[in-house]
Amino acid sequence: GTFSQSALDAFQRQAFVVFEKDQGRWPQDPQPDGYPMGYEISAEEKITLACDQVKAVSPTTDCYMYTESDWARTQYNLGNDLNNLENSDPSDSPQGIELYCGGEYAYTWDNVTCKGCNPEEDLNYYYRAYDFRNETTRTMWVNRVVDNMGPGKSIDGVFVDGNRDAWSSSVTSLCSKDEANAWSEGLNESMWLLRKNCDESNSDNGCTIISNYDTQEALTMSDGGMLEKFGCSTKNIAQLVELGQDGYLAQVHGQSIKNEDEFSAALACFLVGANKYSYFGVGQGWEGYDEDSVMTTWIEDWPEYSRPLGEPQGDATITVSGDNDQTTTYFRTFATGTTVFVNLTTTSSSTLINENENNIPELSSSSSTEPEESDYLISSSSQENIVCINWSDGSTTGNGCV
């Protein structure tokens with residue numbers, strides 16, 4: 001339904017918000033507050049209405065539309081329009097609007113959103129894939145965003161989901177190598193067209209494009225990338241630092257945070273790697289069918305968000321020790337006197353499996369036993385984190401605070 005005052009208060013505190021494909025879809029029953037968007041109304045309209053509500057209370061908060069580069073989801077008018085064009089030939093021959101390879105369409109059923117219903121009978125959650133080799137598809141894909149931008153409109157930019165390394169995608173699994181390469185080239189061209197038209201449509205305020213994931217290809221025409229499912233790890237911290245050093249926006253999602261310890265660890269690791277355009281949020285996924293509880297998790301006002309921080313006083317100091325069991329320690333100070341300590345210990349282990357005898361002896365990481373030719377050495381590692389944020393107001397956050 002219409003956003004509550006507490007939700008609007010949460011949005012006002014943000015530099016930007018992104019509204020997902022299922023914004024305003026659930027629950028399907030009529031809303032008591034007269035919410036004007038029925039279930040059948042398109043995602044473009046519902047996201048626009050959501051952004052209108054945000055802008056009404058906070059004109060300086062940017063509002064971005066979620067889009068995707070894989071499946072032409074029918075929550076959007078775009079997905080339905082592409083389906084209609086693809087099906088426009090009475091002979092049922094492929095029109096090249098949606099991806100057709102190996103004698104069939106690339107498609108998926110969105111059974112997660114459907115929550116156990118029969119998609120064919122109840123809800124049309126059958127998605128085909130965009131065919132970015134087609135100029136019409138590329139133009140319509142870009143216009144979905146830019147037609148909802150400009151003077152007097154509330155959408156300031158776009159989040160693009162589905163981007164992967166080298167513009168690859170699982171949707172091309174039925175295609176030949178040449179077909180898949182052509183599709184990837186088409187997606188690259190689409191992203192550049194989005195960059196150009198997005199900037200032109202929002203020339204007064206600028207246009208922001210965020211890519212998921214933050215691949216090198218996508219960052220060439222994007223303003224930043226998402227670190228999805230961000231955890232307290234040396235890899236995630238390094239990714240965050242690299243984005244900041246290169247001047248990119250970093251949208252950090254501490255996704256599926258279930259308790260205070262997980263929140264504390266994710267926040268501490270974010271703070272040791274954050275830069276000027278780094279943003280942090282936590283939540284429980286992206287669907288909204290359970291009485292909008294998912295959105296509620298993303299806008300929860302954790303007490304730490306109001307603690308005194310200030311600008312970082314330089315980069316975090318990093319100390320690495322150990323060989324097989326490696327410990328990485330980070331320490332960072334902020335202008336208010338707040339300090340952040342993160343200690344990450346990675347423990348390595350190996351298992352030797354003999355394919356002839358099927359025995360599985362355990363080996364320590366320091367074992368000097370040499371495997372035979374018929375043996376397989378399987379390595380694994382686990383990580384323990386100890387974190388502490390000492391806020392300058394005297395409060396603390398983390399499992400390592402004394």
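The disulfide between Cys388 and Cys401 is right-handed, because the torsion about its S-S bond is about 115°. In this predicted model, the two sulfur atoms are 2.1 Å apart, a disulfide being a pair of cysteine sulfur atoms within 2.5 Å. The pair links distant parts of the chain, 13 residues apart: Cys388 lies in strand β16 (residues 375-390) and Cys401 in the segment after β17 (396-397). Helices (H or I, at least four residues) and strands (E, at least two) are DSSP runs, numbered from the N terminus. Cys388 counts as buried because its relative accessibility is 5%; buried means under 20% relative accessible area, exposed over 50%, and partly exposed in between (1.4 Å probe, protein chains only).

Residues are numbered from 1 along each chain as its sequence is written. Local features need pLDDT of at least 70 and side-chain atom pairs count only at pLDDT 80 or more, whereas totals for chains, interfaces and linings use all residues; side-chain values use heavy atoms, with hydrogens and water left out.

The structure holds 5 disulfides. One of them joins Cys232 to Cys269, with an S to S distance of 2.1 Å, and is right-handed, with 60° about the S-S bond. Cys198 and Cys207 form another disulfide, with sulfur atoms 1.6 Å apart. The torsion about this S-S bond is about 65°, so the link of Cys198 and Cys207 is right-handed. Cys198 is buried at 0% relative accessibility, and Cys207 is buried at 7%.

The largest nonpolar core has 55 residues. Such a core is a set of buried Ala, Val, Leu, Ile, Met, Phe, Trp, Tyr and Cys residues joined through side-chain atoms within 4.5 Å. Helix α6 (residues 177-201) supplies the largest share of this core, 6 residues. Among the residues with the most contacts inside the core are Phe11, Trp141 and Leu194. Beyond its neighbours within four places in sequence, Leu194 is in contact (heavy atoms within 4.5 Å) with Trp141, Val142, Val145, Val158, Val160 and Ile209. Apart from this core lies another, of 32 residues, including Leu227, Cys232, Tyr330 and Ile389.

The mean pLDDT of the chain (the predictor's confidence in each residue, from 0 to 100) is 86, and 83% of the residues reach 70 or more. Over residues 357-375 the pLDDT is below 50, and this stretch has 27 contacts in the model beyond near neighbours in sequence. Where pLDDT is low, the predicted coordinates should not be read in detail.
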